[in-house]
Amino acid sequence: MKGVAILGATGTIGVNTLDVLARHREDYRVIALTAHSQHQRLAEQCLTHVPDYAVMVDADAAEKLQAELQRKACPTRVLQGADALARVAALPEVDIVMAAIVGAAGLSSTIAAARAGKRILLANKESLVMSGKLFMDEVREHHAELLPIDSEHNAIFQCMPSNYTDGLQAVGVEKILLTGSGGPFRDLPLDKLAGVTPEQAIAHPNWNMGKKISVDSATMMNKGLELIEACWLFDTSLDNIEVVLHPQSIIHSMVEYIDGSVIAQLGQPDMRTPIAHALAWPQRISSGVKRLDLFDIATLSFNRPDEQRYPCLQLARQAMQTGGTATTILNAANEIAVQAFLDRKIRFTDIAATVEYALGQCSVTPADSLETIVRTDRFARDVAHEFVNAYPKRTGASFTS
Ligand code: NAD
Ligand code: MG
């Protein structure tokens, strides 16, 4: 019986994880569930899965959760505050931590899981983008096990030989082909991009995801973050990774070998496949995912991404090449810009402009301590906020859709 903590249980990844776990109650026990403020959903999850602990970051929501669980005589203990996230991630009875908080808010609890030597199922790519080498060092030092949940990285992991940590060159890997759908605006005329609404941006053609990652998919910052994520996870450089647009989202990524072989992982665009894979690895368990019908799909197509349409992709590459805290700045500014776009404070095309501005304004230092990373993250957020708040003055207009 493995003990599981889900950080970000009420999100898309959290809900999918609970769905897989519910199919295997004899093998996994839910020890802790966490959320920011969605107390109703977390209460329902506690009643179904009866974890030992439920963490609610928001104080008001924690009180409501506590009252609801008491009323229903649910024995789950409610903890309040952001510090409790790291506490439950490090509990001795927890073997597996699903890191599925969105954004930089997931950093300290994901690091805590690494320091406690857990099996980490990493969905929260932002924490790796922010802290890169530091995070990987913590994983190695504390013998944690890092398994990617991002469908592309999970696919790459599945296409790699088991000894890939000897070095990609040593095992005959020539390059990684990182696929991406291109998002909902793949075919929109470029001059229409500035006018797209948050509703259009979060309506992803193939995947059902949280709002932030859906906007990231539309700008392809998501693919940029994933390029950085792949460099760290597979200890390689940007030169060895190619982004391939694949609108059907059936091939989740590929690995090309020096003998000309290309190994791909295929599956439905359903996150329960990578979740089940990483939970049970190296075993396989059922996930509830619909079987792939190749006759139904019939056609798979591939394109090069249009750099003009997706400036965020280039910004992410630049930040990774710069190194140090540049990717921390990239991530922080992007989080602020995406939220401002969702709040209708800036246009879709201003997301890239905000990130570019922050990268130009913040000085890059070596990312040598968690303190430096947290400080850089805060500073870059302030700079991005400034840029976003100056939007009406700069353009003489406020954005309403
Ligand atoms: P979501 O918005 O649906 O859920 C986010 C979760 O994080 C919620 O449980 C929320 O309560 C929690 N949260 C938000 N802010 C918090 C804070 N300040 N403190 C503590 N908890 C907080 O997001 P999602 O789509 O499930 O994505 C989660 C992560 O997984 C992201 O990093 C995303 O990039 C990654 N990911 C998601 C998918 C997907 O298909 N949804 C695929 C690959 C990777
Ligand atoms: Mg992905």
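**How the terms apply in this predicted model**

The axes of α7 and α11 come within 9 Å of each other and cross at roughly 50°, where axes are lines fitted to C-alpha atoms, for helices over the stretch in contact, with angles running from 0 to 180 degrees between N-to-C directions. The model is predicted, so local features need pLDDT of at least 70 and side-chain atom pairs count only at pLDDT 80 or more, while totals for chains, interfaces and linings use all residues. Residues are numbered from 1 along each chain as its sequence is written, chains are lettered from A and ligands numbered from 1 in the order in which they are written, and side-chain values use heavy atoms, with hydrogens and water left out.

Q: Why is α7 called oblique to α11?
A: Angles under 35 degrees count as roughly parallel, over 145 as roughly antiparallel, 65 to 115 as roughly perpendicular and the rest as oblique; the axes cross at roughly 50°, and that makes α7 oblique to α11.

Q: Which residues of α7 and α11 meet?
A: Ser151, Asn154, Phe157 and Gln158 in α7 meet Pro274, His277 and Ala278 in α11, a contact being heavy atoms within 4.5 Å. By class, this contact has three nonpolar, four polar and no charged residues, where Ala, Val, Leu, Ile, Met, Phe, Trp, Tyr, Cys and Pro count as nonpolar, Asp, Glu, Lys and Arg as charged, and the others, Gly among them, as polar.

Q: Why does alanine 54 count as buried?
A: Buried means under 20% relative accessible area, exposed over 50%, and partly exposed in between, with a 1.4 Å probe and protein chains only; alanine 54 has 0% relative accessibility and therefore counts as buried. Alanine 54 is found in strand β3, residues 53–56, and, not counting residues up to four places away in sequence, touches several residues, including Leu33, Leu65 and Val78.

Q: Why does asparagine 334 count as buried?
A: Asparagine 334 likewise has 0% relative accessibility, and so counts as buried. This residue has its place in helix α14, residues 326–342, and, leaving aside neighbours within four places in sequence, asparagine 334 is in contact with Lys212, Asp216, Met221, Ile351 and Val355.

Terms used:
Helix = DSSP H or I, 4+ residues; strand = E, 2+ residues; numbered from the N terminus.
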